[in-house]
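Open the model in your viewer and keep the sequence panel beside it. The stops below go from the whole chain to single residues.

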Amino acid sequence: MARSDTLEAGELTDTSFYILLSLTEARHGYLIMQRIEELTNGKVSIGPASLYTTIKKLLSGGFIEQQGEGTGKRKTYIATERGIHLLKKDMERRENILAHARLVLNEEGEQ
């Protein structure tokens, strides 16, 4: 599946997952990047180009919305109800993937 089709298919890339997760509270771009690094103890870092490309896709899909007019160049975003629903659905998908992997690896480890 092409990466651009993942949102349409109801799946999140790792980048869109972390951005959406960081937008359970309203934040502007820099705070989103900081929050992701904070959540992952610096193991995940998203640059401005990826951030704003993904924000544009999440906005067009109705998964996040811009709040107010922003001050200066700063625009603040927050996840919509639709975005939270997608985030929960994707968490379930990821948990299923891990459960399948654990099952296979545990079975193979017993042989």
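What percentage of the 111 residues in the protein do buried residues make up? Buried residues make up 31%, where buried means under 20% relative accessible area, exposed over 50%, and partly exposed in between, with a 1.4 Å probe and protein chains only. This is a predicted model, in which local features need pLDDT of at least 70 and side-chain atom pairs count only at pLDDT 80 or more, while totals for chains, interfaces and linings use all residues. Residues are numbered from 1 along each chain as its sequence is written, and side-chain values use heavy atoms, with hydrogens and water left out.

**Whole chain**

Show the C-alpha trace. The C-alpha atoms fill a box of roughly 60 × 30 × 25 Å along the principal axes. Colour by secondary structure: the protein has four helices and three strands, in the order α-β-α-α-β-β-α from the N terminus. Helices (H or I, at least four residues) and strands (E, at least two) are DSSP runs, numbered from the N terminus. Of the contacts between residues at least 6 apart in sequence, 52% join residues at least 24 apart; a contact means heavy atoms within 4.5 Å.

- Strand 1 with strand 3: two bridges, antiparallel. Arg27 has Tyr77 as its bridge partner in strand 3, and His28 stands opposite Thr76.
- Strand 2 with strand 3: four bridges, antiparallel. Ile64 stands opposite Ala79 of strand 3.

**The nonpolar core**

In soluble globular proteins, nonpolar side chains tend to be buried together. Here the largest nonpolar core has 19 residues, and those with the most contacts inside it are Ile19 and Ile32. Such a core is a set of buried Ala, Val, Leu, Ile, Met, Phe, Trp, Tyr and Cys residues joined through side-chain atoms within 4.5 Å. Helix 1 (14-22), helix 2 (29-39), helix 3 (48-60), strand 3 (76-79) and helix 4 (81-110) each give two or more residues to this core.

Centre on Ile32. Leaving out residues up to four places away in sequence, Ile32 touches Ile19, Ser22, Leu23, Arg27, Leu51, Ile55 and Tyr77.

**Helix 2 and its partners**

Which residues of helix 2 are buried? They are Gly29, Ile32, Met33 and Ile36. Viewed down the axis of helix 2, these fall within an arc of 95°, so they line one face of the helix; the arc is that of the directions from the helix axis to the C-beta atoms. Their cover includes helix 1, strand 1 (27-28), helix 3 and strand 3.

Show helix 1 with helix 2. The two pack at an angle of about 105°, with axes 9 Å apart. That makes helix 1 roughly perpendicular to helix 2; angles under 35 degrees count as roughly parallel, over 145 as roughly antiparallel, 65 to 115 as roughly perpendicular and the rest as oblique. Tyr18, Ile19, Leu21 and Ser22 of helix 1 make the contact with Ile32, Arg35, Ile36 and Leu39 of helix 2.

**Two single residues**

Select Leu20, in helix 1. Is Leu20 buried or exposed? Leu20 counts as buried, because its relative accessibility is 0%. Apart from neighbours within four places in sequence, Leu20 is in contact with Leu12, Phe63, Ile64, Ala79, Gly83 and Leu87. Leu20 and Ile55 are 35 residues apart in sequence and 8.8 Å apart in space, C-alpha to C-alpha.

Finish at Asn41, in the loop between helix 2 and helix 3. Most residues other than glycine have a negative phi. Asn41 is not a glycine, yet has a positive phi of about 55°. With 67% relative accessibility, Asn41 counts as exposed.

Conventions
Pairing = 2+ DSSP bridges. Axes fitted to C-alpha atoms, helices over the stretch in contact; angles between N-to-C directions.
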